[in-house]
Amino acid sequence: MTTAAGLNVNAWITVGDYHFPGGWKAASPDAQSARAAQYCRQLESGEILFFPGIPFDLPADDLEYLLSQKQSESRFHKNISYRPLKDALHGASAENAQRLRRIMQRYSQRATAFVEDFLAPYAGKLALDFASFRPLEERGRDLPLHKRNDLLHVDAFPTRPTRGGRILRVFTNINPTLPRIWTTGAPFHQLAPRYARDAGLERFAAQSRSPIFKMRRSATRAFRRLGLPVADRSAYDLFMLHFHDWLKENSDFQSSGARMRSEFPSGSTWLVYTDGVPHAALTGQFALEHTYIVPPPALVEARLSPIRVLEELAGVSLV
C-alpha cells in the first residue's frame, strides 16, 4: 500500500506457512528446509519478515506482569535488559527483579528455539546476545541525538563488537491495543555505495592496514585472555559505530530517498537485520526484543552482508 505522500505502508513479507503451535505447514522436511533458506535469504537482502501473531509460547501471566511494569523516564536508560549467557537482568528495581528475570529467561529460551527452527540454516550457529523489554513510549522522548530512536540508523553496539557478524533482531509488540510504528530506508547494500565514502570509509580502511592498529588489537586480545572486559573492535566495528552516528547527524540522509512506514499491530512479531535495514521507531510502548549475532559462515547471502559490501568498496579487509 502507498500513501498520497509516497510512503510505502507495511512494506514487509508476511509469513503464512509457519505458525504457533505446530511450526511449519510445509509437507516435507525438504520443503521446510527450502522455505527456511528462502526466508534467511530475504532477511539478509533487507526484508522484514512479519508474523500477525506470536510464533512462540508467551504465557498470558507473563504478558500481564510485563504490562504492569512502569519504567521511569531517563535520558540514558530505556530498557530492562536480560543477558541469557549470564542469566542476568539489568534495569529493573530490586523488588520485582527476580520475577522479571524468570519471565525474560523463559522469553529468551522460547524465542531462540523459534528462531533456530524457523531459520534452520542458522541453527547451532547463532551467538546469543541481549533480550530486552521496552516499557517506555518512543514518541517524544528527550534523548541525545545519537541515542534517539526516531532517526533512521543502522545498528552497531559500542560494547559488543561483531567483527563482521550480522545483527538479527526479533521484536514482538505486546501493547494490548496500539501499533508500534517504524520507518525504514533502503538496505545497506544500496545505502553504503552512496554514503560510506562520504562517512569516512577510506580512513577506517587505512586504519585497518596500520601496524599500530594491529598492535593495539593484539594487546586487546591479550587483555581479554586475562579476563579483562576490553572490547576487541575491528576497523569494521569502528566504522559501523561511526556510521550509526553519522547517519543520525546527516540531514540529507534523514530527509531524502524512499521511505517505508510500517505499523506493527498489537500482538505481532517481526524479524529484521537491523545492521542492514536503516530504521527509526516513531511510536510504540511495550515491546519485547531479542538480538542474535549471526556469524558470516552461517549466512545464506553473505555477499549482501555489511562487512562484504564495505570490504568491496574499500578494497581491503576490515576485520
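**A loop residue, a helix and a sheet**

Reply: In this predicted model, Arg 303 belongs to the loop that connects β14 with α9 (306-314).

Me: With which side chain does the side chain of Arg 303 make a polar contact?

Reply: Leaving aside neighbours within four places in sequence, Arg 303 is in contact with Arg 308 and Val 309. The polar contact of its side chain, at 3.1 Å, is with the side chain of Glu 301.

Me: How far apart are the end C-alpha atoms of helix α1?

Reply: Helix α1 (residues 29-44) has 16 residues, and at 1.5 Å a residue these should span 22 Å.

Me: Which strands stand at the edges of the open sheet?

Reply: The sheet has eight strands with mixed pairing, in the order β2-β5-β12-β9-β14-β8-β6-β7. Two of them each have a single partner strand, so one side of each is left without a neighbour in the sheet, and these are β2 and β7 (88-90).

Me: What angle does the direction of α3 make with that of β14?

Reply: Helix α3 packs on the sheet, where it touches several strands, including β5, β9, β12 and β14 (287-294). The direction of α3 and that of β14 make an angle of about 50°.

Notes: Residues are numbered from 1 along each chain as its sequence is written. This is a predicted model: local features need pLDDT of at least 70, side-chain atom pairs count only at pLDDT 80 or more; totals for chains, interfaces and linings use all residues. Side-chain values use heavy atoms; hydrogens and water are left out. Helices (H or I, at least four residues) and strands (E, at least two) are DSSP runs, numbered from the N terminus. The expected span of a helix is 1.5 Å times one less than its number of residues. Two strands pair if DSSP finds at least two bridges between them. Contact means heavy atoms within 4.5 Å. Axes are lines fitted to C-alpha atoms, for helices over the stretch in contact, and angles run from 0 to 180 degrees between N-to-C directions. A polar contact is a pair of N or O atoms within 3.5 Å; within protein, one must be able to donate a hydrogen and the other to accept it, and residues adjacent in sequence count only if both atoms are side-chain atoms.
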